[in-house]
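Here is a short briefing to read alongside the model. Please keep the viewer open as you go through the points.

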Amino acid sequence: MEKRRLGKTGHQSSVLIFGAVALAHVSPVEANAAIELVRAHGINHFDVAPSYGEAELRLGPWLAQHRSEIFLGCKTYERSKQAAHDELCRSLERLHVESFDLYQLHAVNEMEELDRALASNGALEAILQAREEGLLKYIGITGHGYHAPQVHAAALERFDFDTVMTPLNFVQWMDPRFRGEAQHLLELATQKDVGVMIIKTLAQGPWDDKPHNYETWYEPFDNAAAIDRGVRFVLSQRVTGFTNPGDMRLLPMTIAAAENFRALDSAEEQELLNSAVTYQPLFAPA
């Protein structure tokens, strides 16, 4: 699988970053099978969070034996210094590791959340202290929602983040305002050498009143051809990689799409974007 440099961290991350949210509701046997599958395909960057159900507990026993083999990212939802410190320590314990390669402010979707996390006695202070103590190497920010690109661009202007994890897909790209903000974020990240990771790559829209056939909170593309198109669009942008959807059943097709990636040419991209009118963007302006 192709590897790309994760910005100023210098790490060569696989273009498919294993989103351990897929382990949230599976048995230990299923979790072990998934971990061995992604490792067999050269995936060397894992992303997990304490909010992902049982994911930390499922990943921990494997990490206890194989920590040096992967770049490990974790996150905190907390916005205050003490709460973020406590959550970070719990994650280290649950994952059976001594440190993280990357620790991220999680789900910073609106400006007010960014303000709280970066304020005096906010979560960022706990992360900086943990870095000084050797508990983590790099600092990132994540989030989703319509305003995420705008909020994340503001974050990069206010603090020297190493990475950003933000939503993008070809359906959402057709919203002119979202597209403009996303383009600005990607340009800023390039200028500042910030590693960019993409979420919601395979979101075709909200569930609305349709049956929820997958663990994902959005309706994902779920056939090989559509998954391939979604992955090609995202990896054709100035990004390091993307995370898989949070349902184990989609993992093999997502791996195959990442391994078979070919950059879109202009005609292919336009054809794909023309097809976006068939779908409903996941995020809409409030």
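A residue counts as buried when its relative accessible area is under 20%, and as exposed when that value is over 50%. Asn244 has a relative accessibility of 5%, so it counts as buried. Please bear in mind that this is a predicted model.

**Asn244 and its surroundings**
- You will find Asn244 in the loop that runs between β12 (241–243) and α9 (251–259).
- A polar atom of the Asn244 side chain sits 2.7 Å from the backbone nitrogen of Gly19.
- Leaving aside residues up to four places away in sequence, Asn244 touches Leu16, Ile17, Phe18, Gly19 and Ala22, as well as Leu251 and Thr254.

**The chain as a whole**
- The chain has 10 helices and 12 strands.
- Its radius of gyration is 18 Å, close to the 19 Å that the globule rule gives for 286 residues, so the chain is as compact as a globular protein of that length.
- The C-alpha trace spans about 50 × 40 × 40 Å along its principal axes.
- Of the 286 residues in the chain, 56% are buried.
- Among contacts with a separation of 6 or more, 75% are between residues 24 or more positions apart.

**The largest pocket**
- The largest pocket holds about 520 Å³ of space.
- Its lining consists of 28 residues, and those nearest the pocket centre are Val21, Tyr52, Lys200, Trp217 and Gly246.
- By type, the lining of the largest pocket comprises 13 polar, 11 nonpolar and four charged residues.

Terms used
Residues are numbered from 1 along each chain as its sequence is written. This is a predicted model: local features need pLDDT of at least 70, side-chain atom pairs count only at pLDDT 80 or more; totals for chains, interfaces and linings use all residues. Side-chain values use heavy atoms; hydrogens and water are left out. On a 1 Å grid over the protein atoms alone, a cavity is a set of points where a 1.4 Å probe fits but cannot get out, and a pocket is an open set with protein on both sides within 12 Å along at least five of seven lines; lining residues have an atom within 4 Å of a point. Grid points are joined across faces, edges and corners, and a volume is the space filled by probe spheres set on the points. Ala, Val, Leu, Ile, Met, Phe, Trp, Tyr, Cys and Pro count as nonpolar, Asp, Glu, Lys and Arg as charged, and the others, Gly among them, as polar. Helices (H or I, at least four residues) and strands (E, at least two) are DSSP runs, numbered from the N terminus. Buried means under 20% relative accessible area, exposed over 50%, partly exposed in between (1.4 Å probe, protein chains only). A polar contact is a pair of N or O atoms within 3.5 Å; within protein, one must be able to donate a hydrogen and the other to accept it, and residues adjacent in sequence count only if both atoms are side-chain atoms. Contact means heavy atoms within 4.5 Å. The radius of gyration is taken over C-alpha atoms; the globule rule is 2.2 Å times the number of residues to the power 0.38.
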